[in-house]
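Open the structure in your viewer and keep the selection tool at hand. This tour goes from stop to stop, with something to select at each.

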Amino acid sequence: MAAFSLDYDRYRADANFRLADVDPADTQKLDEDQADDVFDDNRKELDDWQERLYAEDKQSLLVVLQAMDAAGKDSTIRKVFGDLNPQGCRVWGFKAPSKEELSHDFLWRIHDHAPQKGNIAVFNRSHYEDVLVVKVHGWASPDLIEKRYGHINAFEELLADHGTRILKIMLYVSKEFQLERFKNRLRKPDKHWKFNPGDLKERGYWDDYMDAYQTAIRRCSTPWAPWYVIPAEERWFRNLVVSQLVLDTLKDMNPQYPEPSFDPNDYPPDSIV
Ligand code: ATP
Ligand code: MG
């Protein structure tokens with residue numbers, strides 16, 4: 001069997017990042033069956049590392065997921081994080097802000113959901129919407145949008161300085177792929193609930209969204225909170241890459257089970273009553 005070697009470093013964005021350089025259908029010519037086996041192992045390992053993180057209670061992990069409609073954010077969350085202990089893993093979806101949220105700064109509603117020590121938080125959409133949809137529609141002035149990249153970097157650095165590892169992932173699909181996904185949703189009655197006619201209007205702004213994504217990713221891929229742009233048209237490959245990134249990040253954080261506050265030799269298991 002061929003050696004299995006996944007390279008995700010190539011998807012890490014820097015200040016010169018170009019979306020056009022990413023092939024949304026890329027699978028690195030990996031074998032799907034082998035990938036599924038690795039993915040299954042990753043899910044089990046993730047469960048172990050989450051338990052360590054929770055037991056250690058010193059660090060936390062924030063995974064930010066962004067994508068265009070129908071690119072697969074929901075199913076990625078279900079597949080990659082679905083087996084984790086819900087006690088230590090929270091998923092937050094950020095929809096259009098409420099009146100109250102709009103009467104505060106854009107990070108106000110976000111900060112409250114940053115993960116506490118020992119926990120993993122997954123953001124399904126995030127503070128990046130405020131430099132994406134808000135920019136595309138001109139709902140904030142260009143000057144304010146410009147300052148927001150700096151606000152975001154400072155906010156993420158604050159979280160990082162307090163023990164939060166941050167991993168930001170864009171699931172990248174093409175405009176044609178999105179159309180096929182919308183058509184599939186309309187063909188299947190049990191998928192109609194996932195179709196929102198408003199998504200077709202947003203689709204009309206595709207190029208503006210791609211510009212806004214590219215700028216946000218360039219400006220906000222920092223050493224303390226890197227952006228990865230993952231080819232997401234092949235679900236098995238998308239799941240594999242996201243699971244590997246999260247797993248390797250947790251391993252790098254290297255959480256340790258805490259030392260017991262008692263001497264285990266004082267309590268031989270068969271002697272306690
Ligand atoms: P689904 O896959 O179920 O469609 P979704 O994340 O697209 O999930 P929706 O309720 O369809 O959820 O859409 C949420 C909408 O809220 C998106 O169009 C997004 O752009 C918008 N939104 C999120 N944050 C903001 C924000 N800060 N300002 C304005 N709009 C926002
Ligand atoms: Mg939607």
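A polar contact here is a pair of N or O atoms within 3.5 Å. Keep in mind that this is a predicted model.

**Stop 1: the ligand**

Select ligand 1 and start with glutamate 129. An N or O atom of the glutamate 129 side chain is 2.8 Å from an oxygen atom of ligand 1. The protein buries 77% of the 630 Å² that ligand 1 exposes when taken alone. Two elements give two or more residues each to the shell: α2 (73–81) and α5 (133–136). Color both helices to see where they sit around ligand 1.

Now select lysine 95. An N or O atom in its side chain is 3.0 Å from an oxygen atom of ligand 1. Move on to alanine 96.

Next, show the whole shell. Which residues come nearest to ligand 1? Out of 14 residues around the ligand, they are Asp69, Lys95, Ala96, Arg125 and Glu129. How does the shell divide by residue type? Eight of its residues are charged, six are nonpolar and none is polar.

**Stop 2: salt bridges**

The structure holds twelve salt bridges. Select lysine 201 and glutamate 202. Their side chains meet in a salt bridge, 3.9 Å from N to O. Is lysine 201 buried or exposed? Lysine 201 counts as exposed because its relative accessible area is 52%, and the cut-off is over 50%. Glutamate 202 is buried, at 16%.

Stay with salt bridges and select Asp69, Arg125 and Glu129. Salt bridges with shared partners join these residues into one network. Asp69, Arg125 and Glu129 are also among the residues that come nearest to ligand 1.

Go to arginine 109 and glutamate 101. They form a salt bridge, with the closest N and O atoms 3.3 Å apart. Arginine 109 is buried, with a relative accessible area of 11%. Glutamate 101 is partly exposed, at 25%.

Then select arginine 219 and glutamate 146. This salt bridge spans 2.7 Å from N to O. It links distant parts of the chain: arginine 219 belongs to helix α9 (residues 206–220) and glutamate 146 to helix α6 (residues 142–161), 73 residues apart. Both ends are partly exposed: arginine 219 has a relative accessible area of 36%, and glutamate 146 has 40%.

**Stop 3: a loop residue**

Select aspartate 105. Where is it placed? Aspartate 105 is in the loop between α3 (99–102) and α4 (108–111). Its side chain reaches the backbone nitrogen of leucine 107 at 2.9 Å. Aspartate 105 is partly exposed, at 49% relative accessibility.

**Stop 4: a nonpolar patch**

Tyrosine 267 lies in the segment after α10 (235–253). Tyrosine 267 is partly exposed, with a relative accessible area of 47%, so it clears the over 30% that patch residues need.

Terms used
Residues are numbered from 1 along each chain as its sequence is written. Chains are lettered from A and ligands numbered from 1 in the order in which they are written. This is a predicted model: local features need pLDDT of at least 70, side-chain atom pairs count only at pLDDT 80 or more; totals for chains, interfaces and linings use all residues. Side-chain values use heavy atoms; hydrogens and water are left out. A residue is near a molecule or strand if one of its heavy atoms lies within 4 Å of it. A polar contact is a pair of N or O atoms within 3.5 Å; within protein, one must be able to donate a hydrogen and the other to accept it, and residues adjacent in sequence count only if both atoms are side-chain atoms. Accessible areas come from the Shrake-Rupley method with a 1.4 Å probe; for residues, only the protein chains shown count as cover. Helices (H or I, at least four residues) and strands (E, at least two) are DSSP runs, numbered from the N terminus. Ala, Val, Leu, Ile, Met, Phe, Trp, Tyr, Cys and Pro count as nonpolar, Asp, Glu, Lys and Arg as charged, and the others, Gly among them, as polar. Buried means under 20% relative accessible area, exposed over 50%, partly exposed in between (1.4 Å probe, protein chains only). A salt bridge is a side-chain nitrogen of Lys or Arg within 4 Å of a carboxyl oxygen of Asp or Glu.
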